[in-house]
Amino acid sequence: MVRNNSLGSRMFDYGLIAVVTLISLTSLFPIIHNLAVSLSSPAMVTGGFVTVYPKGFTFSSYLKLMEDAVFFRTFGISVQRVVITTILSFLFHCLWPTRCRVRSRSSSSETCICGCLCSS
Amino acid sequence: MARKWSEQLHFNLMLLPGIILVLLFSVWPMSGVILAFKKFIPTKGIWGSDWVGFENYEMLFATPVAGQVFFNTVVIALMKMVAGFFVPIIFALMLNELRIHWFKRTVQTIVYLPHFLSWVLIAGIVRDIFGLEGIVNQFLTRMFGMEAIMFLGEHFWFRTILIGTDVWKEFGFGTIIYLAALTAVNPALYEAAEIDGATRMQKLRYITLPGIATTVVLVGTLSLQGVLNAGFDQIFNLYNTLVYDSSDIIDTYVYRAGLQEGRFEVATAIGLMKSAISFILIVISYTLASRFAGYRIF
């Protein structure tokens, strides 16, 4: 493959990597922050000292959750629903004779995309 | 062509469970829409209540709330549609320009992550981050000495957050759709263009964009049907009385007016109107999609 290795092109590459990294960090940060908060001591959290890693490391909120009977009941119901709906929808989708078809002009990948769109 | 009934019997039997399911859970409950034209009295039930014609609608249009709610829904949904349309395209094009393969894959996976979280969870995270004592306000007050901003209590900021978090959550999914479309572009075209001395922008303009044009049109036209769905899950989990004026949408209003205040006939009337408009929009978007992108279900 012919590659353009001029200075401008390389600068563009680095800039692109920087922007993309930044965007993926914004995707990741709230989740990491949440994890850090869940593992920190309440005092540190309300004081606003927790950002990326936990401070005053403790499992207390998880231990509290373990004692909560309601949590396990609701969790059980969620799992139950997922299992039942998966089995039922799998069954009915298999039985249903028509399938989502796309008369695509060019490629097979489009068909696959539209399949995703229909099922979602 | 026509086969005998007995030959088709097993096919029809296979179809039966699905049809029963649809009749039971989709078609039969729809009969409840007659409530939109009745005055609901719980002791008389849905069928026994008295007909009132269009009285519910007259009452609805007489209140200023209805217009506001309708306006909010369309505005929020349109802004989400526009932002959610362009961001994935731009991001997919950016990823497509990356030359390091593992990096591209990793980024793709990371931005796809929020799509799997439910709005209940994300609402918790958003409250954590944008709340009065959240990390953003801590940062603003400490670094810039600014006053804490009530992100979730001011009309402008609340709408911004609604659209921002929606785009944040879903753009990874859209990106994957476009990246899948990009894999279908023949690499030989790029090589030929490079040998001919095409610049990056020229390759983008003449190879990549035409390559994903069909998918772009398809996704765009299909998103049109969502113009009255501004996202109940998200708004219901985030809003509060302070921002009702700017962010109370049809769905949340129906929930409060219908289920909490017990005015089931009004809620049904709004719901029916919304379904009717949505139905028209779905037909329009499907027609457009089949005409411009060759998309057909039947």
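How many of the 120 residues of chain A count as buried, as a percentage? In chain A, 20% of the 120 residues are buried, where buried means under 20% relative accessible area, exposed over 50% and partly exposed in between, using a 1.4 Å probe and protein chains only.

This is a predicted model, in which local features need pLDDT of at least 70, side-chain atom pairs count only at pLDDT 80 or more, and totals for chains, interfaces and linings use all residues. Residues are numbered from 1 along each chain as its sequence is written, chains are lettered from A and ligands numbered from 1 in the order in which they are written, and side-chain values use heavy atoms, leaving out hydrogens and water.

Let's stay with chain A for a moment. Chain A has five helices and zero strands, with helices (H or I, at least four residues) and strands (E, at least two) taken as DSSP runs numbered from the N terminus.

Now for chain B. An unreviewed UniProt entry places "domain: ABC transmembrane type-1" at residues 70-285 of chain B; such annotations may be inferred rather than shown by experiment. Over that stretch, chain B is 78% helix and 0% strand.

Let's zoom in on T73(B), found in helix α4 (residues 64-97). T73(B) counts as buried because its relative accessibility is 0%. Its side chain has these polar contacts (pairs of N or O atoms within 3.5 Å, one able to donate a hydrogen and the other to accept it; residues adjacent in sequence count only if both atoms are side-chain atoms):

| Backbone atom | Distance to a polar side-chain atom of T73(B) |
|---|---|
| oxygen of V69(B) | 2.7 Å |
| nitrogen of I250(B) | 3.0 Å |
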